[in-house]
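Dear colleague,

I am passing on a structure that you have not seen before, and my notes follow below it. Please read them with the structure open beside you.

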Amino acid sequence: MASATDTSSSLSNDFIIPLNKNVQAKLRPDGDGKVTYLCGNSLGLPSKLSVALVEEELKAWSTQWVHSRLPLDKTAKTPATAEKEVACMGTLTNNLHLMMDSFYKPTADRFKILCEARAFPSDQYAFASQVKAHGLDPATAIMEVSPREGEYTLREEDILEIIAKEGASIALVLFSGLQYYTGQWFPMESITRKAKEQGCICGWDLAHAAGNVPLSLHDWNVDFAVWCTYKYLNSGPGGIAGLFVHEKWNNVELPKFAGWWGHELTTRFEMPPKFSPIEGAQGFQQSNPCILALASLLGSLQLFKEAGMMEPIRERSLLLTTTLERLLTKSKYFVPLTEVRRLYRQPGSGEPGFTIITPSDASQRGAQLSLLFLPTGSGLMQKIFKGLSDRGVIGDEREPDVMRLAPAPMYNTIEDCEQAAHYLEEAFNAFNALT
């Protein structure tokens, strides 16, 4: 493992990075060279250790049959929590429904859910379906906080003001820890504190925060949280998810939808007819988890542990993303956010360019930078995205105008940031040469 400040290499050399020839990067002459993979915000890379552990479990399955099992006490936790507050289980939206069914308890006076506008669609669907299940109308029961006119991210004071003003009618405050589209890291501690002051339940979707930014869920007095593990935690496509329930709820909010994997371990295999839940979050487990998914996650978590967990990982992340931002803003095609409204008054008109809608304050973001391509609605993003892909730079696109680039601190390097900026400029130059 490299140190957080060693810019010559990645934190871990254990991750498997695709080659340019694997992704048909036809404009990169080094076909056997590694791609510039900046898409860990969408799907993290596999580690050699994860591959080895999965293969070990497959071998154990084929040779030991039912006697094969992964020691479950090896699974680690990344948010700052007590062990009983965390469960490794299910999928994100399924876990979100379980948590909302337990913690969203609307009354005639206190029935609203407060969230950010343009939350990830699966969250929006879950919010609406939970509201409808209580016989309420999403149009009146769901309050969305939007950015101010001409802005792309939310201001802390605006969120806190709404909680203070509407708190008596809010049953649940439920934001994304880190917004998937803009890359904004919400001020989780202050939002949670204000929600609790107003008597609201406060939960978080940490899909883009887990393994990306430091979290202190217990100390912040968060009621519950859910997350996936296939992004910055590198567990693989559709990997097992996680949930957090603060220990203050251990003897108050018991699982409603019981399953045998949530039963006390000491008597689970005695098959008693009455459910006796494990204390804490693990009592919400229902079915036994996929052992291969656990093995894959375990491999990545062990590498997190070897790296020193979130303090050095965050240090490296700040270095990488700040470097990428600095290089991108040097581009002749970069447009300062403050100039966008002046230069692009009409959709579809204006010179080709891009801006960054992720907060420039490093304390308000994780690894991701969201690039908005200008003029909006012109199809420029798709053309530049294709140009980058042809040059072996892998990001991801969010229609119609945003591309996300995220140097993941575990395996990305300063060189990756330099290549991304270089090839972005090259892709723009090539586009302009054809127009």
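Helices (H or I, at least four residues) and strands (E, at least two) are DSSP runs, numbered from the N terminus. The model is predicted, so local features need pLDDT of at least 70 and side-chain atom pairs count only at pLDDT 80 or more, while totals for chains, interfaces and linings use all residues. Residues are numbered from 1 along each chain as its sequence is written, and side-chain values use heavy atoms, with hydrogens and water left out.

Helix 9, which covers residues 340–343, holds Arg 341. This residue counts as exposed because its relative accessibility is 52%, where exposed means over 50%, buried under 20% and partly exposed in between (1.4 Å probe, protein chains only). Apart from its neighbours within four places in sequence, Arg 341 is in contact with Glu 149 and Gly 150, contact meaning heavy atoms within 4.5 Å. Between Arg 341 and Gly 150 there are 191 residues in sequence but 7.4 Å in space, C-alpha to C-alpha.

There is also an open sheet of 4 strands, in the order 9-10-13-12 with antiparallel pairing, and two strands pair if DSSP finds at least two bridges between them. Strand 9 (353–356) and strand 12 (396–398) are at the edges with a single partner strand each, so one side of each has no neighbour in the sheet. Strand 12 pairs with strand 13 (residues 402–405) in the antiparallel sense over 3 bridges, and Asp 396 stands opposite Arg 404 in strand 13.

With kind regards
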